[in-house]
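The points after the lead are grouped by topic.

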Amino acid sequence: MPQDSLKRVDFIFDKEYDCKSVLYDAFKLTRDEIVEEIIKSGLRGRGGAGFYTGVKWKFAKEEKAEDKVVICNADEGEPGTFKDRAILEEVPTKVLGGMALCGKVIGAKRGYIYLRGEYNYLKPKLEEEIEKFTDVLRNELNFDFTIKIFSGAGAYVCGEETALLNSMEGLRGEPRNKPPYPTHHGLFGKPTVVNNVETLVYAVMVFKIGADNFKNIGIQGSSGSKLFSVSGDTPKSGIYELEFGMKVSDFVEEFGDDDAKAVQVGGASGFCVPRKAFAKTTIGYQGKLKGNSLPTGGSMMIFNSSRSMYNVLHNYLEFFVEESCGQCVPCRIGTQQLLKGIEAIKKGKKSSEYLDNLLALAETMRLTSKCGLGQSVANSFSSIVENFKEEMIY
Ligand SMILES: Cc1cc2nc3c(=O)[nH]c(=O)nc-3n(C[C@H](O)[C@H](O)[C@H](O)COP(=O)(O)O)c2cc1C
Ligand code: SF4
């Protein structure tokens, strides 16, 4: 079968790409022109939620404040995602370039990298890069911008932007109510842009190849390409940069082991696609293709027929029970009840009809949880239970 929709590209790790000269040209534009280019490119956040980057920058730019902040979210806690680490290891200057570009646009003089605790080994090298880069910014691009690293302490929920801000302020790492959004009331109340590592690299790339060219990559509503962390039952686990719009069937043909029965798109908080839906499911933000288009922060886990989907779901639920911050009832209690519920069904202590109650509970969590953690538990729960019901029962 031809693999038409799977298109490999090499923008992110392209070492020839000179970030300094791209910024040099970009800085000749006005702040409005820079932000309009980003909007025109259609760039959307690569951290999961897919918000339009240019619009986010514009909101922060329009805030009247002396002190604004740029934060690079390098918490990378989603199970099965390991691409931000590779970016920071291989091409850190491009991340710093994206932070500087954002700083220039919104009028910020300082930025932070919120670095996942487990990635602390990267700190010495990153600090060296930061020193070199901020010297170039100051001396050659006439832009004073400081960048510091803040180490996370290993909580998945601290990747959520407002929990991240709380943790940087020395508070418990718990999500805040939104609104207000960080662009209006962020770190210590300052207008703040929080962007994923990969998003920042693509922001610079928009100025390397031009907004129109960027928009022409991928599909409508999902411009550009994306780094995918491929894991599970695959002979080709690793990190690949592919255009948006790829069909899961083409992905499996390229990366699977000829026996794939499901692909978990987007990690534990994403969706499980069963074999029967491979051909009709496309990877991209939900736009025109709504219904058959799945977004992902980059995690693609392949499961073959030797895997128990009950065990997969059990593992995800244990993760959510552990990582729920406990602040709101639907998530704190719901995650535990879903876990206990599937265990009871598997042991024959509850009938298979009880699965319907659990599906309803998961939907309630989607509607009533305070943050994306509790809201997204239903994604994996419902898509695994509905497609692999026979594996859940006694
Ligand atoms: C539980 C949870 C964990 C998250 N973890 C991350 C993370 O590790 N990295 C990340 O960039 N975004 C993460 N996000 C999304 C952030 O809240 C935010 O949307 C993102 O950093 C914005 O950047 P972007 O617009 O460039 O995607 C997480 C969200 C939730 C609900
Ligand atoms: S949904 Fe879960 S993680 Fe989010 S605030 Fe509520 S308890 Fe905390």
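Helices (H or I, at least four residues) and strands (E, at least two) are DSSP runs, and their numbers count from the N terminus. The model described here is predicted. The protein chain is divided into domain 1, residues 19-216, and domain 2, residues 309-392. Ligand 1 lies between these domains, because both of them give residues to the shell around it.

**Domains**

- The centres of domain 1 and domain 2, taken over C-alpha atoms, are separated by 33 Å.
- In the contact between the two, 9 residues of domain 1 meet 8 residues of domain 2.
- The side of domain 1 that touches domain 2 is made up of 6 nonpolar, 1 polar and 2 charged residues.

**Ligand 1**

- There are 22 residues around ligand 1, and those that come nearest are Gly-45, Gly-47, Gly-159, Asn-196 and Gly-372.
- Strand E4 (192-196) and helix H14 (372-387) each supply at least two residues of this shell.
- The element that gives the most to the shell around ligand 1 is E4, with 3 residues.
- Sorted by class, the shell around ligand 1 holds 10 polar, 7 nonpolar and 5 charged residues.

**Ligand 2**

- Ligand 2 has 14 residues around it, of which Cys-325, Cys-328, Cys-331, Cys-371 and Gly-374 come nearest.
- Two or more residues of the shell around ligand 2 come from helix H12 (329-346), and two or more from H14.
- The classes in the shell around ligand 2 are 7 nonpolar, 5 polar and 2 charged residues.

**Helices H2 and H3**

- Helix H2 (residues 31-41) and helix H3 (residues 53-62) have axes that come within 7 Å and cross at roughly 150 degrees.
- Angles over 145 degrees count as roughly antiparallel, and H2 and H3 are therefore roughly antiparallel to each other.
- The crossing in which H2 passes H3 is left-handed.
- On the H2 side the contact involves Arg-31, Val-35, Ile-38 and Ile-39, which meet Thr-53, Gly-54, Val-55, Trp-57, Lys-58 and Lys-61 in H3.
- The residues of this contact of H2 with H3 comprise 5 nonpolar, 2 polar and 3 charged.

**Helices H4 and H8**

- Helix H4 (residues 83-90) packs with helix H8 (residues 197-209) at an angle of about 50 degrees, and their axes are 9 Å apart.
- That angle makes H4 oblique to H8.
- Lys-83, Asp-84, Ile-87 and Leu-88 are the H4 residues in the contact, and they meet Val-197, Glu-198 and Val-201 in H8.
- By class, the contact of H4 with H8 has 4 nonpolar and 3 charged residues, and no polar ones.

**Backbone details**

- Lys-178 and Pro-179 are joined by a cis peptide bond, with omega at about -5 degrees.
- The peptide bond from Pro-179 to Pro-180 is also cis, and its omega is near 5 degrees.
- Pro-179 is in the loop between helix H7 (161-168) and E4, and Pro-180 lies in the loop between H7 and E4 as well.
- Glu-76 is not a glycine, yet it has a positive phi of about 30 degrees.
- The loop that holds Glu-76 runs between strand E1 (69-74) and H4.

Key: Residues numbered from 1 in each chain as written. Chains lettered and ligands numbered in written order. Predicted model: local features only at pLDDT ≥ 70, side-chain atom pairs only at ≥ 80, totals over all residues. Near = placed C-beta within 6 Å. Nonpolar A, V, L, I, M, F, W, Y, C, P; charged D, E, K, R; others polar. Domains from an automatic or database assignment. Axes fitted to C-alpha atoms, helices over the stretch in contact; angles between N-to-C directions. Parallel < 35°, antiparallel > 145°, perpendicular 65-115°, else oblique. Left-handed = near helix turned anticlockwise from the far one by under 90°. Contact = placed C-beta atoms within 7 Å.
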